[in-house]
Amino acid sequence: MIILRTHSTWDGNVVVTSEPYDPHQRVIGQVLSRVGDANVGARQYFSVTPGYIGGTMCGRLQGAMILSMGCTTGSGQLAKAFMEKGARIFVGWNGVVTVAQSDSAFQALAGLLLKGESPHQAIQTVALLGGVDPTTGPNLVLYGQ
């Protein structure tokens with residue numbers, strides 16, 4: 001199971017790394033729009049785009065389960081890129097979600113999955129336990145089996 005902290009940008013979703021952003025590093029990736037910067041908590045970090053996942057990232061994900069906690073990650077190119085790279089399941093949000101609700105829902109989801117519940121059942125259980133953001137209204141969506 002891979003849990004990602006993602007970030008929405010004006011042109012889509014990206015995966016935020018822990019590497020501080022430096023415009024003089026990873027220049028080719030920046031020119032090809034496969035890496036960029038993301039502002040998180042008034043700090044800039046490198047981020048990777050769906051183009052990086054599909055075109056630069058080495059290897060296959062071999063049936064991995066991807067849990068993506070960021071806004072709108074279940075409704076775009078990020079989910080598609082991970083599925084094409086070999087992920088078996090991708091879970092994300094179909095809209096804007098608060099940090100508190102996303103953290104709470106994904107903590108519950110990961111716990112259920114680790115206890116052996118199927119991804120479909122775990123998402124249904126989380127939805128019944130408040131997996132929908134009461135402020136903005138998005139739901140968890142699942143791609144794959």
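**Exercise 1. Which residues does Lys85 touch, not counting residues up to four places away in sequence?**

Before the solution, a quick word on the model. It is predicted, so local features need pLDDT of at least 70 and side-chain atom pairs count only at pLDDT 80 or more, while totals for chains, interfaces and linings use all residues. Residues are numbered from 1 along each chain as its sequence is written, and side-chain values use heavy atoms, with hydrogens and water left out.

Solution. 
- Step 1: find the place. Lys85 sits in the loop between α3 (77–84) and β7 (89–93). Helices (H or I, at least four residues) and strands (E, at least two) are DSSP runs, numbered from the N terminus.
- Step 2: list the partners. Contact means heavy atoms within 4.5 Å. Lys85 touches Ile53, Gly54, Met57, Cys58, Gly59, Arg60 and Leu61, leaving aside residues up to four places away in sequence.
- Step 3: check the exposure. Buried means under 20% relative accessible area, exposed over 50%, and partly exposed in between (1.4 Å probe, protein chains only). Lys85 has 12% relative accessibility, so it counts as buried.
- Step 4: From C-alpha to C-alpha, Lys85 and Gly63 are 9.3 Å apart in space and 22 residues apart in sequence.

**Exercise 2. Work out how α4 and α5 meet.**

Solution. 
- Step 1: pick out the helices. Helix α4 covers residues 99–114 and helix α5 covers residues 119–128.
- Step 2: look at the axes. These are lines fitted to C-alpha atoms, for helices over the stretch in contact, and angles run from 0 to 180 degrees between N-to-C directions. The two axes come within 9 Å and cross at roughly 140°.
- Step 3: name the arrangement. That angle makes α4 oblique to α5, because angles under 35 degrees count as roughly parallel, over 145 as roughly antiparallel, 65 to 115 as roughly perpendicular and the rest as oblique.
- Step 4: α4 passes α5 in a right-handed crossing. A crossing is right-handed if the near helix is turned clockwise from the far one by less than a right angle, and left-handed if anticlockwise.
- Step 5: go through the contact. On the α4 side you'll find Ala105, Ala108, Leu109, Leu112 and Leu113, and on the α5 side Pro119, Ala122, Ile123, Thr125 and Val126.
- Step 6: sort these residues. Nine are nonpolar, one is polar and none is charged. Here Ala, Val, Leu, Ile, Met, Phe, Trp, Tyr, Cys and Pro count as nonpolar, Asp, Glu, Lys and Arg as charged, and the others, Gly among them, as polar.
- Step 7: Gln107 is in helix α4 and is exposed, with a relative accessible area of 63%. Its C-alpha atom is 9.6 Å from that of Val126, 19 residues away along the chain.

**Exercise 3. Sum up the chain.**

Solution. 
- Step 1: count the elements. The chain has five helices and eight strands, in the order β-β-β-α-β-β-α-β-α-β-α-α-β.
- Step 2: note the burial. Of the 145 residues, 40% are buried.
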